[in-house]
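Here is a short tour of helix packing and a couple of individual residues. Please keep the viewer open as you read.

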Amino acid sequence: MNSRFGIFPEQASNFSGEVDHLLYFLLAVSVFFTLLIFIAIFYFAIRYRRRSENELPHIVHGGMALEILWSVIPFGLTMVMFAWGASIFFNMNRPPDDAIELYAVGKQWMWKIQHMEGQREINELHIPVGRAAKLTMTSEDVIHSFFVPAFRTKADVLPGRYTVTWFKPTKVGKYHLYCAEYCGTKHSGMIGWIHVMEPQDYQAWLSGGPGEGSLASRGEKLFQDLACGNCHKADNTGRGPNLVGIFGRTIELSGGGTIKADEAYFRESILNPTAKVAAGYQPIMPTFQGLVTEEGVLQLVEYIKSLTPAPRPGIGAGTTPALNKQAPKPEKR
Ligand code: CUA
C-alpha cells in the first residue's frame, strides 16, 4: 500500500534490498562514466583546440599503460555487475525447501491462485509475512508475466509448461500484482493484490476457506472421475506405472534415457502421454488434453505428489509448525 509518490516501489520482500542495491550500483557506475566522458570531451575540446590556421597536431603512437588501464577497469566493473547479478538471479531461481507451495494459472485476463489447503483466489493472493512462498505457474492461453514490483520479482507465465518464482515477504501490507507481458485487449486490467498477513491472520484466513478439501484431495477426486486408477494401480499390476512414491524419482524411459519425475513430467504425461513413456510400459495412455483444465492438471499433479510421503520440498521442513499441520497427508490408494 503506497499512495504517496515514490521513484521506487516499496521494499517488501527478501529480494527488494538486493535488487535495489545492484540497481544503485549500476546507476552510480553509469552516472560516473557519463560525467567523466562529457567532462573529458569539453576539457579536451578547449585544451587542444586549434589555435592557428596552420597548426599541425603532434603524432602520438599509443600508450601501453593507458590501453591496459582502460581495458582492465571496465572489464573489472562489468565482471562485478555480472557476478552480482548472477548471484541474485540464481537465488531467485532456487526456492528454499521450506517454502509454502502455491499454484497460479494465468489466463486472459486474470490470475487464478490455488493454495495447497484448497483455497482458491482470483486476482488476489494471501500469504504470511516472513515465510518463503513458491509459485508454480502456467498459462491457459498466451504468455503472461507475474510481476510484483514491491517484491522485485517478475517471472514469465507460459502456456504448455511450468515456471517457478518465489519470494519471502518482509512487510505486512497490500501490494500490486501486475501482468507484465502484453497479452491482449485487457492486458492492463490483468492486475491484482498480494495480501501479506501476520501468520495468525493467515491461519485464520486459511481456516475460513471454502471447505472444498485440499488441492491434493480435489486431485484425487479428479483422478477417480477420470478413472486413472484403472491403469495406475498401487500394487504394480496396472497397465500404467504405479504412482505411489514416484515424485522426485528418476524414471527410466522406454527407448533409453531417464527423466526426473517432477511437476513438469507429470503434466506432460497427462496431456501428451506418449512423449516420454516409462520403460516396461506400452504407449497406450490416451491424452487428457481438452478434458482437464490447467487447474485440474495442477490438482492431479499435487495429488500424485501427495502419494510420495514427506520429506518433500515445501512440506515437512517448515519453520512454522502450525502451517505444516495444514499439509495434506499422503493418501493411500
Ligand atoms: Cu496477461 Cu498481460
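## Ground rules

This is a predicted model, in which local features need pLDDT of at least 70 and side-chain atom pairs count only at pLDDT 80 or more, while totals for chains, interfaces and linings use all residues. Residues are numbered from 1 along each chain as its sequence is written, and side-chain values use heavy atoms, with hydrogens and water left out.

Helices (H or I, at least four residues) and strands (E, at least two) are DSSP runs numbered from the N terminus. Axes are lines fitted to C-alpha atoms, for helices over the stretch in contact, and angles run from 0 to 180 degrees between N-to-C directions.

## Helices α1 and α2

Let's begin with helix α1 (residues 14–47) and helix α2 (residues 64–92), whose axes lie 11 Å apart at an angle of about 160 degrees. The two are therefore roughly antiparallel (over 145 degrees; under 35 is roughly parallel, 65 to 115 roughly perpendicular, and the rest oblique). The crossing of α1 and α2 is left-handed, meaning that the near helix is turned anticlockwise from the far one by less than a right angle, with clockwise giving right-handed.

In contact terms (heavy atoms within 4.5 Å), the α1 side includes Phe15, Leu22, Phe25 and Phe33, and the α2 side includes Leu77, Trp84, Ile88 and Met92. By class, this contact has 13 nonpolar, three polar and one charged residues. Here Ala, Val, Leu, Ile, Met, Phe, Trp, Tyr, Cys and Pro count as nonpolar, Asp, Glu, Lys and Arg as charged, and the others, Gly among them, as polar.

## Isoleucine 46

Isoleucine 46 also belongs to α1. Is this residue buried or exposed? Isoleucine 46 is exposed, with a relative accessible area of 55% (exposed is over 50%, buried under 20%, partly exposed in between, with a 1.4 Å probe and protein chains only). Its C-alpha atom is separated by 40 Å from that of alanine 83, 37 residues apart along the chain.

## Helix α6 and its partners

Helix α5 (residues 263–271) and helix α6 (residues 294–306) have axes that come within 10 Å and cross at roughly 120 degrees. That makes α5 oblique to α6, and their crossing is right-handed. Among the residues that meet are Phe266 and Ile270 in α5, and Val297 and Ile304 in α6. The contact divides into seven nonpolar, no polar and four charged residues.

Helix α4 (residues 215–225) packs on α6 too, at about 105 degrees with the axes 7 Å apart, which makes α4 roughly perpendicular to α6. Leu215, Leu222 and Phe223 are among the α4 residues in this contact, and Leu300 and Tyr303 among those of α6. This contact has six nonpolar, four polar and three charged residues.

## An enclosed helix

Seven of the nine residues of α5 are buried, so this helix is largely enclosed by the rest of the structure. The buried set includes Tyr265, Arg267 and Ser269. These buried residues of α5 pack against β1 (100–107), β5 (133–139), β11 (250–252), β12 (258–260) and α6.

## Histidine 126

Histidine 126 sits in strand β4 (residues 124–128) and counts as buried at 11% relative accessibility. Its side chain makes a polar contact with the side chain of glutamate 121 at 2.5 Å. Such a contact is a pair of N or O atoms within 3.5 Å; within protein, one must be able to donate a hydrogen and the other to accept it, and residues adjacent in sequence count only if both atoms are side-chain atoms.

Leaving aside residues up to four places away in sequence, histidine 126 touches His115, Glu121, His195, Met197, Tyr202 and Trp205.
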